Amino acid sequence: MRQYQGVSNHPPAEVPDTLFADADAESRWRARFTAARVSLPNWARDEPDRNIYISNASGVFEIYAWDRAAGTHRQVTDRPNGTYNGTIAPDGEHIWWFADSDGDEFGSWVSEPFGGGSKAVPAVPGSVRGYPAGLGIGRTTTALGVSNDDGTTVFVARNGEPAAVVYQNEHDGGVAALSRDETLIGIEHSEHGDNRHPALRVLGLDGSTVAEKWDGEGKGLDAVGFSPVEGDQRLLVRHERRGREELLIWDVAADTEVELEIDLPGELAADWYPDGTALVVVHTHEARDSLYRYDLTSGELTKLDTPAGTIISADVRPDGTVEYSWSNAAMPGVVRALSTDGTERVLLEPPGHKAPASVELMDVFVSSEGGQVHALYARPAGSPDGPLPTVFSLHGGPHSQDEDRFSAYRAVWLDAGFAVVHVNYRGSSGYGSAWRDAIEGRPGLTELADVAAVHTWAVEKGLADPAKCVVNGASWGGYLSLLALGTQPLLWAAGVAGVPVADYLAAYEDEMEPLRAFDRALFGGSPDEVGDRYVECSPITYVDRVRAPVLVVAGENDPRCPIRQIENYLARLADRDSPYEVYRYDAGHGSLVVAETIKQTAIEVHFVRRHLGL
C-alpha cells in the first residue's frame, strides 16, 4: 500500500497495489485502460491522404500523423500531460496543436511540418495567449478566437502577415466557421448576456458585419460550418426553435434560410458531404445514435447501416465513404468506414492488445417531479438476483448525457461487484431544450431530485442495497456528488468527487472567464447579483450535514474547478473531523496519462470498498 505525498495536509488517499486477488481479474480491468485507442481521423481538405488523430498508444493521449498513401504513422506531440487539441492545415503541409501548460488549458496554437523534422513554432504571430475560442484555417487566411479575462478576441492573419484584431467583446464567444473562399468568418457570441444560448454573426475579414442571426431569449444557434464548395456561402446551423436541436441552412449572401424538416424523434447534429449536396446526420435518441444521409435537393433521408450504440463523431471522405467512431457499453470503441456500396471495414487498428469486453446497459424511465427521467444501468455479469452495492455515476457537463458507450471506468466497478446506474437528470442534453434548461436558477438541487427518484426506483426494484449506495462523478458530476452528500445524507454510504465545484462562490472567483459567463447564464446573474442562489446551490453550504466518507480527487492546474475552492471545502470537513481522503495530481481538469487514470480509478474503487467493508 502506498499513500500519495502532496502539498496538502489533508488525509491522503490510499493507493492500492492491486484491486483483485485474482490475477486474471486484475489484468482484465487494467487492460481496458491500457488498450490503445484512436479518435476519428481528421484529414487535410485539399490533401485527404494526410490525416491526424489522437491516440493513447504511447501511454499518454497525443496527436499522431497518418499518411494514408504511404501507410505511415508518426507521433507528433510528446508532452508529460498529453495533448488533445489539434487540427491539420487544408494543404496538409502543417499540423496545428494547442500548447498549454500541464493541463491548464491556457496557451497558444503552434504548428509544425506534417512530416516532422523541425520544432513547432507559433502558428499565428501577433495573437495573444489565452483559452482556445475557435479556429478556422484556410489556404491563406486564418481566423483565431482567444478567450481570457478581457472576454473574447478574434484575430485574422492573412498571407503570413501578423494577425490583426477584427472583433473584441467582453462577453463569451468564438470563431465557429471560415468560408471556403476565405472571405467570411462565422462567430458565435453572447453579447445578449447568455452564452448557453448563443447568437450568430458573420464578419468580413476586416471585422465588418455581413449578417446576423439571433432567435431570441432562451434559443441558441450553433454554426456547424460553411459549405465545402468554393463560392457557396451557405452556413449549416443547429437551432432549437421547436424545443430540440434541429438543422437549418442559412444562405448568408442572400440572407435567407431553409429549415430542414427531418421527422425523427430526439435531437440532430450534422455536417456536409464534400460536394455540398447532402448532409451526414447524427440522430440521438434515448442515449443511442444512428447515422443518415440527407439529400438537400430532394429532402430524401436515407438511414445508414451502423450498429446500435454511440457514434462519437462522423465525417465523409471525398469518395462518399462515411467514417465514424463507434462503441457501445459492451464493446470497445472502433473507427469504422462505410463505403457507398454498403460494405464496411475497420478503418484504423491501433497497435497492441484489445480492450476486454464488458456488459450491456439496460434502460429505465422513472417518474420524477420534472417528468420522466431516463436512466441506464448494468449489473455484473453472472451476479445473483437481489440487491447489490450500487454506484450512481453522475455525468459531467451539466449539458451532456450518459450514453450507450464503452467505459473502462464503468467496467471496473462492475468487475468489483457493484451495479452501476447512470442518470440523465434534468440539465442533460439529448432530451430537448426544456429538459436541458430546467436547472436554470436552481442548478444542482434540481438534478439531485431526479437522482433521488432513480435511487428510490433502484432500491424498490431490488437492484440497489440501500445501505451500500455510492454517489460518484467528476466535474459537474463531482459537484453533484458533494452536493448530494450534504443534501441527501441518508441516501449515501460513500461519495467520490473528481475535480468538483465544492465552494461555488470561490469557484466563480477563480475559474476561467467562459465558465463565469456560463454560471451567470445558469444562475441568472453573478454572485454580486444573485448571491443567495449560489449559496443555496453550493456544496460547502451543506458540509456540516455530510455523514458518509468522502474521497476528493483534484487537479493542481484545473482552470474549471480550481483548487482553492476545493481546499475551502476540505478545511470544513477537517474542522468536523469527518472521514475523508484527498488525492491531488499535477494536471488540470482530468488526466490524459493512462497510468494516472489507472491510479485514480484504483484509489476510488479501493476507497469505496474499504469504507463499505467489501
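The model is predicted: local features need pLDDT of at least 70, side-chain atom pairs count only at pLDDT 80 or more, and totals for chains, interfaces and linings use all residues. Residues are numbered from 1 along each chain as its sequence is written, and side-chain values use heavy atoms, with hydrogens and water left out.

**View 1. An open sheet of four strands, E3-E4-E5-E6, with antiparallel pairing.** Strand E3 (42-43) and strand E6 (72-75) stand at the edges with a single partner strand each, so one side of each is left without a neighbour in the sheet. Strands (E, at least two residues) are DSSP runs numbered from the N terminus, and two of them pair if DSSP finds at least two bridges between them. Four bridges link E6 to strand E5 (residues 62-67) in the antiparallel sense. Tyr64 has Gln75 of E6 as its bridge partner.

**View 2. Strand E29 (residues 334-338) and its pairing with E30 (residues 344-348).** The two strands are antiparallel and share four bridges. Five residues lie between them in a hairpin, where Gly342 in the turn has a positive phi of about 95°.

**View 3. Strand E28 (residues 322-327) joined to E29.** These antiparallel strands share five bridges, and a hairpin of six residues connects them. Glu323 has Ala337 in E29 as its bridge partner.

**View 4. The side chains of the buried strand E29.** Five of the five residues of E29 are buried, so the strand is largely enclosed by the rest of the structure. Buried means under 20% relative accessible area (1.4 Å probe, protein chains only). Val334, Arg336 and Leu338 point one way, while Val335 and Ala337 point the other way.

Conventions
Buried < 20%, exposed > 50% of the residue type's maximum accessible area, 1.4 Å probe, protein only.
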